[in-house]
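Please keep the sequence and the model at hand while reading.

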Amino acid sequence: MKQTEHSSTPPPGKQMLSEQVYAHLRDAIMRGDHPPGAPLKPQDLAKEQSVSLAVVREALVRVVGEGLADRLPNRGFAVPSFSDRRWQEIAEARRTVEPVVLRMSIERGDVDWEARVRAAHHRLVRTPAFAPEESEYYTGAWAEAHRAFHRTLLEGCDNRALLETFDRLWTQSELARRWSAHRNPGRDGAKEHRRLEEAALARDADTAAAVLTQHLTSTAAALTDDSGQATQAYATPAGSR
């Protein structure tokens with residue numbers, strides 16, 4: 001008798017639908033469609049997307065894994081609440097991990113890595129950080145160029161586990177940035193990024209690690225200082241932001 005083979009991989013159609021729902025939910029949280037602390041009700045999300053509860057729950061589990069949502073005992077899912085302590089913990093984790101990984105990257109990175117760092121920095125410099133239609137908030141294009149530059153700096157470490165840790169911490173930091181990143185005329189972020197590129201390509205690990213640590217510290221301070229303003233921003237109509 002021929003045995004039927006079972007596979008844990010979902011059918012292609014279901015897998016594509018699950019990916020679409022996950023991407024939609026992730027983008028909605030990052031855009032601020034769901035404000036800090038808001039509940040994420042599977043029934044409502046399923047109705048909104050015209051999909052099953054199982055597909056929505058799978059998407060929710062994925063965003064929880066990225067730190068973009070919390071799973072609350074006996075209370076379902078919710079967007080993380082904005083708190084200084086939460087973001088300071090993330091900042092502390094980044095300051096602990098990323099300078100170490102950057103040192104490894106400088107030690108191990110090859111010529112191709114150097115070329116990617118130069119290209120990523122060039123893209124960051126040439127991408128406008130602000131646009132009139134997006135008011136005081138960073139543009140999506142700049143946010144992606146910023147992420148790519150920081151990740152490229154670390155990719156020379158050639159350690160997938162460490163890079164996955166960076167990805168998760170960055171996503172959580174980016175959520176905070178979307179909530180609170182207003183213009184800061186007293187900070188020269190472009191200069192900080194240029195110093196990072198120069199130190200990395202000069203293979204000066206000590207300077208690169210010190211610059212990155214200060215860079216992350218300044219970002220954390222800005223997020224904390226703006227936390228009240230970020231929460232207040234969600235009390236105003238979206239069109240006025």
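## Basis of the report

The model is predicted; local features need pLDDT of at least 70, side-chain atom pairs count only at pLDDT 80 or more, and totals for chains, interfaces and linings use all residues. Residues are numbered from 1 along each chain as its sequence is written, and side-chain values use heavy atoms, with hydrogens and water left out.

## Overall composition

The protein contains ten helices and three strands. Both kinds of element are DSSP runs numbered from the N terminus, with helices being H or I runs of at least four residues and strands being E runs of at least two. Along the sequence, the elements follow the pattern α-β-α-α-β-β-α-α-α-α-α-α-α.

Of the 241 residues, 41% count as buried. Buried here means under 20% relative accessible area and exposed means over 50%, with partly exposed in between (1.4 Å probe, protein chains only). Among contacts (heavy atoms within 4.5 Å) between residues at least 6 apart in sequence, 70% join residues at least 24 apart.

## The sheet

The three strands form an open, antiparallel sheet in the order β1-β3-β2. Two strands are taken to pair if DSSP finds at least two bridges between them. The edge strands, each pairing on one side only, are β1 (39-40) and β2 (70-72).

Strand β3 (residues 76-78) pairs with β2 in the antiparallel sense over three bridges. Within this pairing, Arg71 has Phe77 of β3 as its bridge partner. In general, strands of a sheet pair through backbone hydrogen bonds, either parallel or antiparallel.

## Salt bridges

A salt bridge is counted where a side-chain nitrogen of Lys or Arg lies within 4 Å of a carboxyl oxygen of Asp or Glu. By this rule the model has twelve salt bridges. In one of them, the side chains of Arg62 and Glu19 meet at 2.9 Å, N to O. Arg62 belongs to helix α3 (residues 53-65) and Glu19 to helix α1 (residues 12-31), so this pair ties together parts that are 43 residues apart in sequence. Arg62 is partly exposed, at 32% relative accessible area, and Glu19 is likewise partly exposed, at 39%.

Arg26 is partly exposed, with a relative accessible area of 22%. Elsewhere, Glu155 forms a salt bridge with Arg116, with closest N and O atoms 3.8 Å apart. This pair links helix α6 (residues 140-155), which holds Glu155, to helix α5 (residues 111-126), which holds Arg116, across 39 residues. Both are partly exposed, Glu155 at 25% and Arg116 at 37%. A network of salt bridges links Arg116, Arg151, Glu155 and Asp167.

## Helix α5

Helix α5 has 16 residues and reaches 23 Å from its first C-alpha to its last, close to the 22 Å expected at 1.5 Å a residue; the expected span is 1.5 Å times one less than the number of residues. At its start, a side-chain oxygen of Asp110 comes to within 3.2 Å of the backbone nitrogen of Asp112.

Which residues of α5 are buried? They are Trp113, Val117, Ala120, His121 and Leu124. These residues cover an arc of only 100 degrees around the axis, which puts them on the same side of α5; the arc is that of the directions from the helix axis to the C-beta atoms. In an α-helix there are 3.6 residues a turn, so residues three or four places apart point the same way. The buried residues of α5 pack against α4 (84-108), α6 and α8 (189-201). On the other side of α5, Val111, Asp112, Arg118 and Arg126 are exposed.

## Residues with positive phi

Most residues other than glycine have a negative phi. Ser50, in the loop between α2 (42-49) and α3, has a positive phi near 55 degrees. Ser50 is exposed, with a relative accessible area of 66%.

Asp158 is not a glycine either, and its phi is positive at about 60 degrees. Asp158 lies in the loop between α6 and α7 (160-180) and is exposed, at 69% relative accessible area.

Key
A polar contact is a pair of N or O atoms within 3.5 Å; within protein, one must be able to donate a hydrogen and the other to accept it, and residues adjacent in sequence count only if both atoms are side-chain atoms.
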